[in-house]
Amino acid sequence: MPSFFSNKRLIVLLVSMITMVAVVGVSMKERPYPTWPEKFLRDTVGFFQYMTYKPARSVAGFFENINEMKVMYTENERLKENLEEHAKLMARIRDLEAQNESLQQLLDVESDLTDYQLRPAEVVMRSPDRWYQHVTINMGETHGIEPNMAVITPQGLVGRVKSVSQLSSIVELLTDGNRNINVSAIVQGQEEVQGIIEGYDVEREALNLRMVRMDAPLEEGQTVITSGLGGVMPRGLFIGEVIDVIPDDYGLTQTALVKPAANIDRLDYVYVVERDFLPELDLSEEDEEGQEDEDTQDTEEEGA
């Protein structure tokens, strides 16, 4: 302490402080042209500020970029989740639209086929390895389903009931290539042509209408319906349209390829057609007519 506050050093310290205060006071004044010491001091300070600011800004920018990348990654993950949810939602909407369309078509076909007793059913199981052979519906013996009943969609015939359990049934499709299902059919036209739906051409995606006589007039676009013969299928169920005609190898009969009207690949809802259903007759009118005939006959006998 005594060495530091000696007279010379104290004087130097006071002079330095006064000088610094003077310099600060002079530099605080607003002047368009500062003195050269001020310029030198400003340039020196600016240089060192520039040398320290640039690396600091780079480091700060690096960490800001890392934070932005984290935010972008989080946002990207959230957008991916939203996109997946959107895709699931769209798939669900399309599925509901398809179900709605199928149900609406079922309502339409129910109003068209008033001559048949129809039982709506839902396809609950379909094996991929037997896609074109069988489907299982949620209606069985408890619901009045019996073997050999025809099964249709709003577009047309798809097959028949093969076997029945209490609460479900197996439906054999027309596209079963094993020829286990034979359906007597008619090709509509100026002349009705009889044939048998038997087998499925996988390459042409068409049913085979066999046993058609060689001179029968067949053309593309003719409609094919069930004939009602055989006691299995009722008459008038739409099967499909003729797309080609092929003579057999011996020239005795010809085979018509029939494009199925029903979409076999998509079977969500079907109708089971009751085989033994007959339209109800208005017996009261018949009784009245019969009574009128008897009265007329009695009047004629009395007149004679």
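Is E274 buried or exposed, and what is its relative accessible area? E274 is buried, at a relative accessible area of 17%. The views below are close-ups of a predicted model.

**View 1. Salt bridge between E274 and R119.**
The side chains of E274 and R119 form a salt bridge with an N to O distance of 2.6 Å. E274 sits in the loop between β12 and α3 (283-303), while R119 belongs to strand β1 (residues 118-125), so the pair ties together parts that are 155 residues apart in sequence. E274 falls under the 20% limit for a buried residue, because its relative accessible area is 17%. R119, in contrast, is partly exposed, with a value of 26%.

**View 2. Y271 in strand β12.**
Y271 is located in strand β12. This residue counts as buried, with 2% relative accessibility. Its C-alpha atom is 9.4 Å from that of Q117, although 154 residues separate Y271 and Q117 along the chain.

D244 and R204 meet through their side chains in a salt bridge of 3.3 Å, N to O. D244 is a residue of strand β10 and R204 is in the loop between β7 and β8, so this pair ties together parts that are 40 residues apart in sequence. R204 is partly exposed, at 37% relative accessible area. A salt bridge also joins the side chains of K259 and E205, with an N to O distance of 3.5 Å. Here K259 lies in strand β11 and E205 in the loop between β7 and β8; the pair therefore ties together parts that are 54 residues apart in sequence. K259 is partly exposed at 38% relative accessibility, and E205 is partly exposed at 45%.

**View 3. A salt-bridge network.**
Salt bridges link R92, D95, R266 and D268 in a network. The structure as a whole holds 12 salt bridges.

**View 4. The largest nonpolar core.**
This core has 26 residues, of which L157, L174, V183, I197, L209 and I239 touch the most other members. At least two core residues come from each of the strands β3 (150-152), β6 (182-187), β7 (193-201), β8 (206-213), β10 (238-247), β11 (253-260) and β12 (269-273). Apart from neighbours within four places in sequence, V183 is in contact with L157, L174, G195, I196, I197, T226, M233 and I239. A second, separate core has 17 residues, including V135, V151, V161 and V270. In soluble globular proteins, nonpolar side chains tend to be buried together.

**View 5. A nonpolar surface patch around L14.**
L10, L13, L14, M17 and I18 make up a nonpolar patch on the surface, and together they have about 450 Å² of accessible area. L14 is part of helix α1 (residues 7-27). L14 is partly exposed, with a relative accessible area of 45%.

**View 6. Aromatic pairs.**
The whole structure contains 3 aromatic pairs. In one of them, the ring centres of F47 and F48 are 5.7 Å apart and the planes are at 75°, so the pair is edge-to-face. F47 is partly exposed at 48% relative accessibility, whereas F48 counts as exposed at 51%. F62 and F63 form an edge-to-face pair as well, because their planes are at 75°, with the ring centres 5.6 Å apart. F63 is partly exposed, with a relative accessible area of 49%.

Key. Residues numbered from 1 in each chain as written. Predicted model: local features only at pLDDT ≥ 70, side-chain atom pairs only at ≥ 80, totals over all residues. Heavy atoms only, no water. Patch = residues over 30% accessible without salt bridge, like charges linked within 9 Å, V, L, I, M, F, W, Y side chains within 5 Å. Areas by Shrake-Rupley, 256 points an atom, 1.4 Å probe, with all protein chains shown as cover. Salt bridge = Lys/Arg side-chain N within 4 Å of Asp/Glu carboxyl O. Helix = DSSP H or I, 4+ residues; strand = E, 2+ residues; numbered from the N terminus. Buried < 20%, exposed > 50% of the residue type's maximum accessible area, 1.4 Å probe, protein only. Core = buried A, V, L, I, M, F, W, Y, C linked by side-chain atoms within 4.5 Å. Contact = heavy atoms within 4.5 Å. Phe/Tyr/Trp six-rings, centres within 6.5 Å; stacked < 30°, edge-to-face > 60°.
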